[in-house]
Amino acid sequence: SMPLAFLILRRCCGKKAALIGLAVVAVAPWHIMISRWGLESNFVVVFLLSGVYFLLRGLERPPFFMLSAAFFGLSLYCYSIAWLFVPLFLLLTVLYCIRTGRLRLSFSAVLSAVILMLLAAPLVLFLLVNTGFMSEIKTPFFSVPLLSSMRSGEFVSSFGDLSVSLSNLGKLLLTQNDGLSWNSIPAFGMYYLFALPPALIGAFCGAKALLTAFRQREFQGAALLFLWLLSSLIVSALLIDPNINRINILHMPMLFSCALGICRLVEKWRRALPAVLALLYTLSFAVFSGVYFNTYAHEIASTFRSGYESIADCIVSRAPSNAPVVCDSSVEPMLLLFYLQYPAPAFVNTVVYTNAPSPWLHIGSFGRFIFDGSMENPSRDTVYILQRSDALTFRDLGFTVEYCTAELAVAWFE
């Protein structure tokens with residue numbers, strides 16, 4: 001994402017803003033943290049950056065519009081918030097580019113629209129099927145399943161909801177903290193707590209550029225970045241309960257606005273301000289790195305279920321190979337599957353769900369693994385994944401016990 005951020009800012013605001021933006025993105029806590037844990041929805045950031053970059057290239061060489069359309073179309077499958085953001089942003093961008101004379105009807109533009117519609121078509125069919133407008137589609141080559149439940153209720157449905165959403169979003173942006181330890185460290189926030197004033201200045205500059213571009217019918221890159229920010233804010237405001245990862249469409253344009261704001265401030269106060277800002281960011285990054293890789297890493301370990309690899313190693317290497325495995329209710333089946341490298345066909349053929357067809361399925365068992373099983377009267381022919389607080393009881397009964405995580409241990413009889 002960093003090379004794309006630099007290229008976008010260079011085309012929109014010049015090399016100085018691009019270099020500042022590259023530095024701002026490189027040391028931003030949000031950007032560092034999303035790069036280090038595997039949340040699939042964060043793929044949307046790279047796809048949107050790619051879409052915007054090739055859109056800018058397409059304004060000069062229209063064939064690049066096709067690549068832009070491909071990335072925007074694929075971004076729809078990264079995270080559901082893109083379902084609203086992509087059409088809104090593209091609509092505003094097309095209107096802006098037509099107004100400023102940078103977009104004209106051409107073969108590349110039409111083909112790009114076709115590419116985008118083709119990529120979006122399966123998603124549109126999925127939504128039509130799962131909102132009751134169409135029946136389930138089943139063919140040998142292409143199918144659209146009717147799910148047991150459709151994810152809904154996250155977006156506002158009344159003016160009352162909208163006021164709550166706006167309040168929640170404003171508080172989130174002001175504090176840069178959503179209360180979720182895996183999304184931010186409160187002392188640093190998403191972009192550092194001092195970054196909000198430059199971001200507001202950058203947003204003001206972008207809005208001013210947009211008004212000027214409309215009046216003079218002259219394209220300005222900063223105005224396009226403001227449309228990106230505006231579209232992100234509008235869509236984020238429609239979420240009833242926004243958090244940092246749910247509004248991941250917003251963070252890059254916020255960082256770009258911060259870079260633009262810093263660029264304007266530096267142009268006005270050239271003597272002292274660049275050194276002050278460089279020192280402020282350097283010290284903040286150094287302190288953040290120290291906290292993130294030390295105290296925070298230890299605090300967050302249990303949240304990310306650190307130690308499951310040790311559980312898998314115990315079961316595979318030391319515990320009886322064919323014995324049933326009874327698991328405490330706190331054990332995460334998906335992490336066991338991952339670290340055991342459990343074959344997908346074997347899981348599908350043996351899994352038993354206790355609450356099907358609930359949208360939130362609970363695994364009762366798969367293969368030789370039994371979840372929520374009884375820990376009373378433990379059998380010597382069974383392996384147990386149990387709470388550390390129960391480990392002494394099993395040790396007294398003659399079981400071998402190995403502590404694997406901050407909460408869990410594995411017990412078996414040798």
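Thr-382 lies in the loop between strand S4 (369–371) and strand S5 (383–387). The model described here is a predicted one. At 10% relative accessibility, Thr-382 counts as buried. Which residues does Thr-382 contact, leaving aside its neighbours within four places in sequence? The partners are Ala-323, Pro-324, Val-326, Phe-399, Ala-411 and Trp-412.

## Helix H11 and Asn-248

Helix H11 runs over residues 248–268 and has 21 residues. From its first C-alpha to its last, H11 reaches 31 Å. That is close to the 30 Å expected at 1.5 Å a residue. Is H11 mostly covered or mostly uncovered? H11 is mostly covered, with 18 of its 21 residues buried.

Asn-248 has its place in H11. Asn-248 is buried, with a relative accessible area of 2%. Several residues touch it once neighbours within four places in sequence are set aside. They are Trp-30, Ser-41, Asn-42, Val-44, Val-45, Tyr-79 and Ile-81. Asn-248 can also be compared with Ala-82 along the chain and in space. The two are 166 residues apart in sequence. In space, their C-alpha atoms are 9.7 Å apart.

## Two packed helices

Two packed helices are described by the angle between their axes and the distance between the axes. Helix H6 (residues 82–99) and helix H10 (residues 221–236) are such a pair. At what angle do H6 and H10 pack? The angle is about 145°, and the axes are 9 Å apart. The crossing of H6 and H10 is right-handed.

Both helices supply residues to the contact. From H6 come Leu-84, Phe-85, Leu-88, Phe-89, Leu-92, Thr-93 and Tyr-96. From H10 come Ala-223, Leu-224, Leu-227, Trp-228, Ser-231, Ser-232, Ile-234 and Val-235. An α-helix has 3.6 residues a turn, so residues three or four places apart point the same way.

## Salt bridges

How many salt bridges does the structure hold? It holds 6. The table gives three of them.

| Pair | Distance, N to O |
|---|---|
| Arg-11 and Glu-60 | 2.9 Å |
| Asp-313 and Arg-318 | 3.1 Å |
| Glu-402 and Arg-318 | 2.8 Å |

Take the pair Arg-11 and Glu-60, whose side chains meet in a salt bridge. Arg-11 lies in helix H1 (residues 2–13), and Glu-60 lies in the loop between H4 and helix H5 (64–75), so the pair ties together parts that are 49 residues apart in sequence. Arg-11 is partly exposed, with a relative accessible area of 34%.

Next come Glu-402 and Arg-318, whose side chains also form a salt bridge. This pair links distant parts of the chain, 84 residues apart. Glu-402 is in strand S6 (residues 400–403), and Arg-318 is in helix H14 (residues 308–318). Asp-313 meets Arg-318 in a salt bridge too.

Glu-402 is partly exposed, with a relative accessible area of 27%.

## A buried arginine without a salt bridge

Arg-57 lies in helix H4 (residues 43–58). Arg-57 is buried yet has no salt bridge. Which side chain of opposite charge is nearest to Arg-57? That side chain is Glu-60, 4.8 Å away. Glu-60 does have a salt bridge with Arg-11. Arg-57 touches Arg-11 and Phe-64, not counting residues up to four places away in sequence.

Most residues other than glycine have a negative phi.

Tyr-192 has a positive phi of about 85° although it is not a glycine. Its place is in the loop between helix H8 (159–175) and helix H9 (196–216). Tyr-192 counts as buried, at 2% relative accessibility.

Gln-341 has a phi near 50°, again a positive value in a residue other than glycine. Gln-341 lies in the loop between helix H15 (333–340) and helix H16 (344–350). Is Gln-341 buried or exposed? Gln-341 is exposed, with a relative accessible area of 69%.

Methods:
Residues numbered from 1 in each chain as written. Predicted model: local features only at pLDDT ≥ 70, side-chain atom pairs only at ≥ 80, totals over all residues. Heavy atoms only, no water. Helix = DSSP H or I, 4+ residues; strand = E, 2+ residues; numbered from the N terminus. Expected span 1.5 Å × (residues − 1). Buried < 20%, exposed > 50% of the residue type's maximum accessible area, 1.4 Å probe, protein only. Lys, Arg positive; Asp, Glu negative; His and termini not counted. Salt bridge = Lys/Arg side-chain N within 4 Å of Asp/Glu carboxyl O. Contact = heavy atoms within 4.5 Å. Axes fitted to C-alpha atoms, helices over the stretch in contact; angles between N-to-C directions. Left-handed = near helix turned anticlockwise from the far one by under 90°.
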